[in-house]
Amino acid sequence: MSNDKKNLGAVSRRSLIKGLGAASVLPMVSACGTMTGRGSADARVVVIGGGFGGATAAKYLKRGNPNLDVTLVEPAEVFYTCPFSNLYLGGIREMNEIAHNYDELKDVYGVQVIHQLAQDVDPVAHTVTLGDGTTLIYDKLVMSPGIDFRWNEIEGYDQAAPQYAPHAWQAGEQTRLLRRQLEGMDDGGVFVLVAPDNPFRCPPGPYERASMVAHYFSQHKPNSKVLILDAKDNFSKQGLFTAGWNEFYGNRIEWVGLSGDGRVMRVDAVRREVETEFGTLHQADVLNVVPPQKAGMIAERAGVTDDSGWVPVNPATFAATMADDIYVVGDATIAAPMPKSGFSASSQGKVAAAAIIAEVAGETPPPAYFTNTCYSLIAPDYGISVAAIYKTDSSGEVEVTSSGLSPAEADRSTRALEAQYARGWYEAIAQDTWGTRY
Amino acid sequence: MNNHLPWKSACLTAVLALGVSAGALADSHSADLDHLADEVLAGGCAGCHGTDGALSGLVPAIAGRPAEELEALLLQYKNGEGNPTVMDRIAGGFTDEELTRLAEFFANR
């Protein structure tokens with residue numbers, strides 16, 4: 001383990017500050033422990049989760065201060081992104097093109113990567129317990145735990161259900177299973193997509209998925225249909241999606257919102273049958289349930305979630321409001337008006353990294369800026385986007401300084417350009433996050 | 001960087017007041033705090049232009065281009081000119097002064 005180093009030589013400036021500060025939260029016992037583990041490093045930072053938020057935070061922590069001891073905890077050796085997993089379902093991208101590893105973080109940035117599940121966090125002792133029993137001590141903890149599902153909130157959609165009716169809302173085997181089911185479906189079948197109420201990971205995601213599945217049908221199963229049963233009456237980029245669907249897929253895609261009895265109350269995953277609020281039964285040939293969500297399990301274990309199941313944060317730093325020295329970024333947080341997206345998570349990871357770098361040096365974090373751009377593909381050469389810039393002032397309020405959608409009226413060359421930029425975005429953020437180069 | 005940040009010097013003073021010598025300070029951490037505020041301001045750009053804006057891919061690289069050129073482009077996009085697709089919505093989120101800082105940041109990458 002990294003914390004076996006026994007360099008007791010230099011007493012860091014931070015330890016001195018801690019020692020001198022009368023109201024220091026970190027007890028001296030812990031300070032001695034971390035001093036042992038820290039060696040000559042400025043501070044020990046543990047990052048839980050190697051997705052957009054966590055991997056970005058780890059990289060930018062080391063970029064900003066190479067003398068931080070940064071340990072990334074992520075169970076998967078290969079990480080598949082939810083962004084662009086819909087393109088895999090549409091048959092226009094393969095799984096190895098949405099796969100990322102941690103070589104650059106380890107080899108170029110000197111991040112220690114441990115492929116274990118983080119099982120528990122003790123926010124008082126400042127420790128993280130891993131699946132193999134290892135305990136890591138941190139001065140600062142970053143969590144980017146993503147989402148977990150609220151099993152059985154839709155009756156019958158329990159932990160066994162996804163093997164029959166995949167969610168495919170965490171990319172990997174679930175994504176592969178859904179594509180196999182689509183490929184195995186007879187032409188003329190119905191793909192039913194159950195979409196959740198807000199808030200949930202990737203607001204435009206279900207509608208891009210419907211588009212990509214409809215694209216796949218148009219190529220291979222022309223008599224098949226997509227039915228979206230939605231627990232809400234409005235969705236992200238709705239006007240642009242609806243116009244694009246009409247243009248490409250006609251009545252191949254049907255969307256039923258909340259007031260049209262779109263809210264699914266019960267699922268029989270084995271029979272692929274769903275029942276809505278007012279008792280309508282729908283029989284699917286392939287059933288994809290995107291269930292209601294909450295912050296990833298470890299956030300709950302750390303005690304940083306509130307009654308909503310999500311994590312309240314100070315938006316100036318993304319420090320959790322319910323524990324000291326814990327920063328939470330990405331989908332798990334209550335960060336509205338920022339959406340739960342990979343781009344938001346990346347942006348938040350950079351802000352949290354900067355805040356930690358400043359605080360470890362005894363300084364005030366710089367003003368926070370966030371960007372989100374979400375592209376969606378309606379067809380391979382037809383892209384739409386939503387983009388926004390956010391700032392946080394010293395009072396900690398988030399201000400949206402710019403926000404907007406692709407124009408409603410645009411020619412095909414503009415849509416094609418946005419589709420190209422969607423691919424460019426993926427290429428760039430993959431490079432920025434994991435160093436992946438295609 | 002030409003913008004001197006008050007939050008930095010104030011905190012350095014506080015640290016010195018705790019009796020830590022400037023020498024120990026320099027030895028004990030390697031954080032490049034001068035650039036931190038600009039790094040955060042520019043953080044989102046990497047999402048489409050790669051780390052440091054240096055990725056030459058489907059989206060054009062911006063690293064190392066003259067600051068005047070980048071600033072002129074950003075102001076143009078902010079005004080909705082030059083077929084910006086998404087860049088009007090991005091540039092529109094920053095003040096002219098912030099756009100100048102962004103242009104200088106990427107020119108120096």
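Me: Which residues of E1(A) point one way, and which the other way?
Reply: A:Arg44, A:Val46 and A:Ile48 point one way from E1(A), while A:Val45 and A:Val47 point the other way. This is a predicted model, where local features need pLDDT of at least 70, side-chain atom pairs count only at pLDDT 80 or more, and totals for chains, interfaces and linings use all residues. Residues are numbered from 1 along each chain as its sequence is written, and chains are lettered from A and ligands numbered from 1 in the order in which they are written.

Me: Is strand E1 of chain A mostly covered or exposed?
Reply: Mostly covered: five of its five residues are buried (20 or more other C-beta atoms, placed from the backbone, within 10 Å of a residue's own). Strands here are DSSP runs of at least two residues, helices (H or I) of at least four, numbered from the N terminus.

Me: OK, what does E1(A) pair with?
Reply: Five bridges join E1(A) to E2 (residues 69-73) of chain A, running parallel, and four join E1(A) to E9 (residues 140-143), also parallel. Pairing takes at least two DSSP bridges.

Me: And which are the bridge partners of A:Val47?
Reply: A:Leu72 in E2(A) and A:Val142 in E9(A).

Me: Switching topic, how is chain A divided into domains?
Reply: The assignment gives domain 1 (2-148 + 294-367) and domain 2 (153-291), with bounds from an automatic or database domain assignment. Their contact takes 17 residues from domain 1 of chain A and 21 from domain 2 of chain A (C-beta atoms, placed from the backbone, within 7 Å).

Me: Which helix gives the most on the domain 1 side?
Reply: Helix H4 (residues 85-89) of chain A, with five residues.

Definitions and conventions
A residue is buried if 20 or more other C-beta atoms lie within 10 Å of its own, exposed if 12 or fewer, and partly exposed in between; C-beta atoms are placed from the backbone. Two residues are in contact if their C-beta atoms, placed from the backbone, lie within 7 Å.
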